[in-house]
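Here are my notes on the helix packing, as promised. Have the model open while you read.

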Amino acid sequence: MQISAERVRQVYEAEVHDRPVTRADEVPPSYVSITREWLDDVLCADVPGAHVAAFSFDERDDGSSNRRRIFLSYNAAGEAAGLPATVFCKAAETLENRIVLGVSDTARAEADFYKLVQPELGIPTPKARYARFDPESFAYLIMMDDMAQGVRFPDERTTLTRQQAEQMAITLAGLHSRFYQSDALGTAKLPFKSWPVWWANQMQGAPDFPAFCDKGFEAVEAHLPARLVARRADVWPATEKSVARHNKLPHTLIHSDVHLKNWFILPDDRMGLHDWQLTTIGHWSRDFAFSTTTALTIEQRREWHPDLLRLYISEMERHGVPKIDFDEAFLNVRQQLMTAFAFWTITMCPTGDMPDMQPVRTTVEFLKRMGTAIDDYDVLDSF
């Protein structure tokens, strides 16, 4: 059943946001609700005699979710077991976040990813200590080991090396090959929506989404190629065609939101993925297009893109996926740029129910990179 923004609002307004929680099966409605008893049940249940002695919070960092670190100390048994001194959490604490994560079904999807999918993957991902979504209150909380000291989190100011770009392709192939054309897709084992269904639900839940994407386009016109600006009216029809293509292509599990800021760089230059809120079922080309065109500078993408796609295809074949034709693959990659672009025009001008999700400098740079790729590849004429 599609969740409406009004339903989320009604539940949120009736909720006691500071209600203490003491058991792991209770999803905290807010960070204030977290107690030592709850943390004991989440972190110490498998360590005899271990207890949380004290805890405190870092400042909250708001985006599509409400992010916060928890600093912890333990009794002797907990310290001896090496329980984490810091964990990183994502929640839906505000009404705006409940709406955007509840209506889009992304909170449930991320919890399902960490419970059902992560143990099956061989790619770098955060280690989750807790992952739950409450379908009654639309609250959710993901608790992960804090990776801040061991990895780097890139943004639009980061210039990747060729090796790091190749590692992105290798990581994506590791993800996409694992469930390629799997019979489990869409079942209780992998209970995720198809990308076209997710998109249709999002459009139904936010009917002004296209209009605000167009406003976002207008806001960054000065940073886009003149040829693309002249064809502004063709952008949304091409976006809808990009979504529809998934109904005719082979399916696998896709991340769906693989812009550069949802990657992390390990000390050995391997590339890992976090923020699995938009896990869906669709064609791999969306992930490849979205990741490479946001992660690479325009010059890097023009020089490296074909080689990275060939590497990706080779890695998919190495993992047992039937040989993928390069020309067909590149056509799909070109076409999937459109919904990636829409994700950032809506970020530039979010609807009234959406929180501000990214710094303006990030949004403008990613739209510039993707818009240039759309123009370079004649995407609007590719359908």
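1. Start with helix α2 (residues 36-44): W38, L39, D40, V42, L43 and C44 are its buried residues, buried being under 20% relative accessible area with a 1.4 Å probe, protein chains only. They pack against β1 (52-57), β3 (66-74), β5 (128-133) and β6 (140-145), with contact taken as heavy atoms within 4.5 Å. Helices (H or I, at least four residues) and strands (E, at least two) are DSSP runs, numbered from the N terminus.

2. A caveat before going on: this is a predicted model, where local features need pLDDT of at least 70, side-chain atom pairs count only at pLDDT 80 or more, and totals for chains, interfaces and linings use all residues. Residues are numbered from 1 along each chain as its sequence is written, and side-chain values use heavy atoms, leaving out hydrogens and water.

3. Over in helix α8 (residues 209-219), the buried set is F209, F212, C213, G216 and F217. Down the axis of α8 these fall within an arc of 155°, so they line one face of the helix; the arc is that of the directions from the helix axis to the C-beta atoms. Their packing partners are α7 (195-205), α9 (226-230), α10 (232-244) and α14 (337-348).

4. Now α14 again: α14 packs with helix α15 (residues 360-376) at about 150°, axes 9 Å apart. Axes are lines fitted to C-alpha atoms, for helices over the stretch in contact, and angles run from 0 to 180 degrees between N-to-C directions. That makes the pair roughly antiparallel (over 145 degrees).

Definitions and conventions
Buried means under 20% relative accessible area, exposed over 50%, partly exposed in between (1.4 Å probe, protein chains only). Angles under 35 degrees count as roughly parallel, over 145 as roughly antiparallel, 65 to 115 as roughly perpendicular and the rest as oblique.
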